[in-house]
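Here are my notes for you to read with the model open beside them. Take the points one at a time and find each residue as you go.

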Amino acid sequence: PESIEQLKKALDLDPFSPIINAVQAAVLYFAGRYDESIAQCRVTLQEIEDNFWPALQFLGLSYEAQGKHTEAVRSLEQAVSVSGGSPLILGALAHAYAVSGSRTQAEEQLDALRHSFPQDASLQIALTAAALGDGDAAFAELNRAVERRSPWLIFLNADPRFGPLRSDPRFAVVAGRI
């Protein structure tokens, strides 16, 4: 709640900053306030910068969290296109494919991540492996992410995509290592 309030103050000071708007959407996403995150992303994309990939990313993630898989995939495919193929966004798309039932597309993206970004995509690979039902691979990659000090691990307890792993005792071990 404090982050949301601080970002509201930042938006009052600079309402047309695409990054402040997108970070507000991210915080709302991590708080589980998906409708508000989607609304914030739409403001960013419709009124400030129509292809701002961080807003497209959290639009897709918020749709995914709501089970709106078609919209999630569409937003994340657009984010991949405008981000220049960021491993973060490719991983989000791979995960969205996996949870939407597009196993073949998810596995293709997973292979691309493994081959193109072997040092940078452990966390994204872990999320996709978990969504595909491969818990052992997911935890192997999570441990690699910890070893490599992936900055996105700070969201481990807040990101709903880790939900399927939280009941596994290995999750507490990974969280403790962080």
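**Notes on the model**

1. Let's start with a loop. Arg149 sits in the stretch between H9 and H10. Bear in mind as you look that this is a predicted model. Is Arg149 buried or exposed? Its relative accessible area is 72%, and anything over 50% counts as exposed, so Arg149 is exposed. Check its backbone too: phi of Arg149 is near 55°, which is a positive value in a residue other than glycine.

2. Stay in that loop for Ala158, which also lies between H9 and helix H10 (163-166). Ala158 has a relative accessibility of 32%, so it counts as partly exposed. Setting aside residues within four places in sequence, Ala158 is in contact with Phe30 and Arg166. Now try Ala158 and Phe16: they are 142 residues apart in sequence, and their C-alpha atoms are 27 Å apart in space.

3. Next, go to helix H9 (residues 135-147), where you'll find Glu141. Is Glu141 buried or exposed? The cut-off for buried is under 20%, and Glu141 has 12% relative accessibility, so Glu141 counts as buried. What does Glu141 touch, if you don't count residues up to four places away in sequence? The answer is Ser122, Ile125 and Ala126.

4. Now for a helix pair. Two packed helices are described by the angle between their axes and the distance between the axes. For helix H4 (residues 53-65) and helix H5 (residues 69-83), the axes come within 8 Å and cross at roughly 160°. An angle over 145 degrees counts as roughly antiparallel, and therefore that is how H4 and H5 run relative to each other. The crossing of H4 past H5 is left-handed.

5. Which residues make that contact? On the H4 side look for Trp53, Leu56, Gln57, Leu59, Gly60, Tyr63 and Glu64. They meet His69, Glu71, Ala72, Ser75, Leu76, Gln78, Ala79, Val82 and Ser83 in H5. Sorted by class, the contact of H4 with H5 has eight nonpolar, six polar and two charged residues.

6. H4 has another partner worth a look, H6. The two pack at an angle of about 20°, and their axes are 11 Å apart. Angles under 35 degrees count as roughly parallel, so H4 is roughly parallel to H6. H4 passes H6 in a left-handed crossing. From H4, the contact uses Trp53, Gln57, Leu61 and Glu64; from H6, it uses Leu88, Ile89, Ala92, His95, Ala96 and Val99. By class, the contact of H4 with H6 has seven nonpolar residues, two polar and one charged.

7. Finally, the inside. In soluble globular proteins, nonpolar side chains tend to be buried together. Here the largest nonpolar core has 36 residues, and Tyr29, Phe58, Leu59, Leu93 and Leu113 touch the most other members. The elements giving two or more residues to this core are helix H2 (18-30), helix H3 (34-48), H4, H5, helix H6 (87-99) and helix H7 (103-116). Which element gives the largest share? That is H6, with nine residues.

8. Leaving out neighbours within four places in sequence, Leu59 is in contact with Ile38, Cys41, Leu45 and Ser75. Apart from this core lies another, of 17 residues, including Ala126, Ala137, Ala138 and Leu142.

Definitions and conventions. Residues numbered from 1 in each chain as written. Predicted model: local features only at pLDDT ≥ 70, side-chain atom pairs only at ≥ 80, totals over all residues. Heavy atoms only, no water. Axes fitted to C-alpha atoms, helices over the stretch in contact; angles between N-to-C directions. Helix = DSSP H or I, 4+ residues; strand = E, 2+ residues; numbered from the N terminus. Parallel < 35°, antiparallel > 145°, perpendicular 65-115°, else oblique. Left-handed = near helix turned anticlockwise from the far one by under 90°. Contact = heavy atoms within 4.5 Å. Nonpolar A, V, L, I, M, F, W, Y, C, P; charged D, E, K, R; others polar. Core = buried A, V, L, I, M, F, W, Y, C linked by side-chain atoms within 4.5 Å. Buried < 20%, exposed > 50% of the residue type's maximum accessible area, 1.4 Å probe, protein only.
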